[in-house]
Amino acid sequence: MPMVTKPNRIGLRATRTLLHDPRYSSANAAVWLGPRARLTVVDVDSPDPKHLEASIAVFGDSPLKVQTPSRGWHLYFRHAGEGRRIKPIPGLPTDVLGTGIVVVPPSERPAGKKSAGDYRVIQGDLSALETLPEIRSGSMPTARNPRPESDLESCEAFAGMREGDGRDNALFKRARELAAVHSTESDLVRALLAENATFAEPLPIEVVLSKAARAWSYKARGTLMAQGSRAAMVGLDDLARCGSNHEALALLVLLRSHHSLEHVFAVVPEGVAPLLSCSARTAWSAREFLVEAGYLELISRGGRGGRVDKANQYRLRPPSLTMQDLHGIELTPCSSASVLSATHCDSESE
């Protein structure tokens, strides 16, 4: 129990004064979190370092880290309107404490209902209390840290998946989809942890972090291809390979923004021509150029009739060639006339 009345009215400065008061020399030090003390604590209620790593990935790092008697961690942040949220991230044993009392070091907890031991600083010192960062933007649904809305529905198919059901591949595919719609890596980690928790048997947290980091690296390099993405980046290598074939480059962007590497799809010249603002012949030429340049892989040939269900089937190939690989290779875009002279575009079944 607090040894002072109305502890919620005592701020950080008053708490420091009480620490040196001889009347409380045998008491533990504590502070009431919130706007008065300008403090919020992220409480990682687990001794597993992977849980600490995941909490930092979601909420951000703190220059002041305290280990608790139960071997968990307290990460200190400047208060930014956070309330008290118990396990706000499914699958992560972490609480966000924006109100209530928290014991600060150096203090010792006697044996009782909880583990006995001391609160000790493992990184930084108490002088950092004046210059703490806020919790990472987007990690908490408050006025100052709004939670970004995703345009992806939660994956209900995960509910029955267990070990041996292809969880790894399913979660990595989901990581790419989520990376396409989230603006920060911490948002992706938070969302993927929530998705992992819906598995009948969730994957270890280190696996989730690894898949989130890998998916985000694809987005950072501009090579993310996932369903749900409506933006696709092209690099200098793509510009060099496509040269002056602007329609081929535009088609590449269009395909990358709508399909992942696993998708099999048709590229019907008459269908994509309006999107490229060109003729069907030019669209056909652009598609064939992407096949020859190694961007598209022909999976199966269709029949005649010009219908989508009878069209050739393609799949995007992962980016592989670099500018150095292109040294000495001549990839000049061919004109529509030269390409069409050897193939019957009008009668090809797409």
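Two strands pair if DSSP finds at least two bridges between them; helices (H or I, at least four residues) and strands (E, at least two) are DSSP runs, numbered from the N terminus. The model is predicted, and local features therefore need pLDDT of at least 70, side-chain atom pairs count only at pLDDT 80 or more, while totals for chains, interfaces and linings use all residues. Residues are numbered from 1 along each chain as its sequence is written, and side-chain values use heavy atoms, with hydrogens and water left out.

**Exercise 1. The open sheet**

Determine which residue of β9 stands opposite Arg109, and place the strands concerned in their sheet.

Solution. 

Step 1. Opposite Arg109 stands Gly117 in β9.

Step 2. β8 pairs with strand β9 (residues 117–123) in the antiparallel sense, over three bridges. Ser107 faces Tyr119 of β9.

Step 3. Gln67 has Arg120 in β9 as its bridge partner.

Step 4. The open sheet has seven strands in the order β5-β6-β2-β4-β3-β9-β8, with antiparallel pairing. Its edge strands, β5 (84–85) and β8 (107–109), each pair on one side only.

Step 5. Helix α2 (residues 49–59) packs on this sheet and touches β2 (39–44), β3 (65–67), β4 (73–78) and β6 (94–97), where contact means heavy atoms within 4.5 Å. The direction of α2 makes about 15° with that of β4; axes are lines fitted to C-alpha atoms, for helices over the stretch in contact, and angles run from 0 to 180 degrees between N-to-C directions.

**Exercise 2. A loop residue and a further strand pair**

State where Thr68 is placed, and identify the covered and uncovered faces of strand β1.

Solution. 

Step 1. Thr68 belongs to the loop between β3 and β4.

Step 2. With a relative accessibility of 5%, Thr68 is buried; buried means under 20% relative accessible area, exposed over 50%, and partly exposed in between (1.4 Å probe, protein chains only).

Step 3. Leaving aside residues up to four places away in sequence, Thr68 touches Trp73, His74, Asp118 and Tyr119.

Step 4. In strand β1 (residues 30–33), Val31 and Leu33 form the covered face, and Ala30 and Trp32 the uncovered one.

Step 5. Four bridges join β1 to strand β7 (residues 100–103) in the antiparallel sense. Trp32 has Ile101 of β7 as its bridge partner.

**Exercise 3. Aromatic rings**

How many aromatic pairs does the model contain, and which residues have an arginine over the ring face?

Solution. 

Step 1. Rings of Phe, Tyr and Trp (its six-membered ring) pair if their centres lie within 6.5 Å; planes under 30 degrees apart count as stacked, over 60 as edge-to-face and the rest as tilted. This rule gives one aromatic pair.

Step 2. The pair consists of Phe172 and Tyr218, is edge-to-face, and has 6.1 Å centre to centre with 70° between the planes.

Step 3. Because Phe172 lies in helix α3 (residues 167–181) and Tyr218 in helix α5 (residues 205–221), the pair ties together parts that are 46 residues apart in sequence. Phe172 is buried, at a relative accessible area of 11%.

Step 4. A charge sits over a ring if NZ of Lys or CZ of Arg is within 6 Å of the ring centre and within 35 degrees of the ring normal. Arg214 lies over the face of Phe172, 4.3 Å from the ring centre, and Arg241 over that of Tyr295, 4.1 Å from the ring centre.

**Exercise 4. Salt bridges**

How many salt bridges are counted, and which residues are linked with Arg174 in a network?

Solution. 

Step 1. A salt bridge is a side-chain nitrogen of Lys or Arg within 4 Å of a carboxyl oxygen of Asp or Glu. The count is eleven.

Step 2. One of them joins Lys65 and Asp61 (2.6 Å, N to O). Lys65 is buried, at 6% relative accessible area, whereas Asp61 is partly exposed, at 42%.

Step 3. Glu177 and Arg174 form another, at 3.0 Å, N to O. They are three residues apart in helix α3 and therefore separated by about one helical turn. Glu177 is buried at 10%, as is Arg174 at 6%.

Step 4. The network of salt bridges links Arg174, Glu177 and Glu195.
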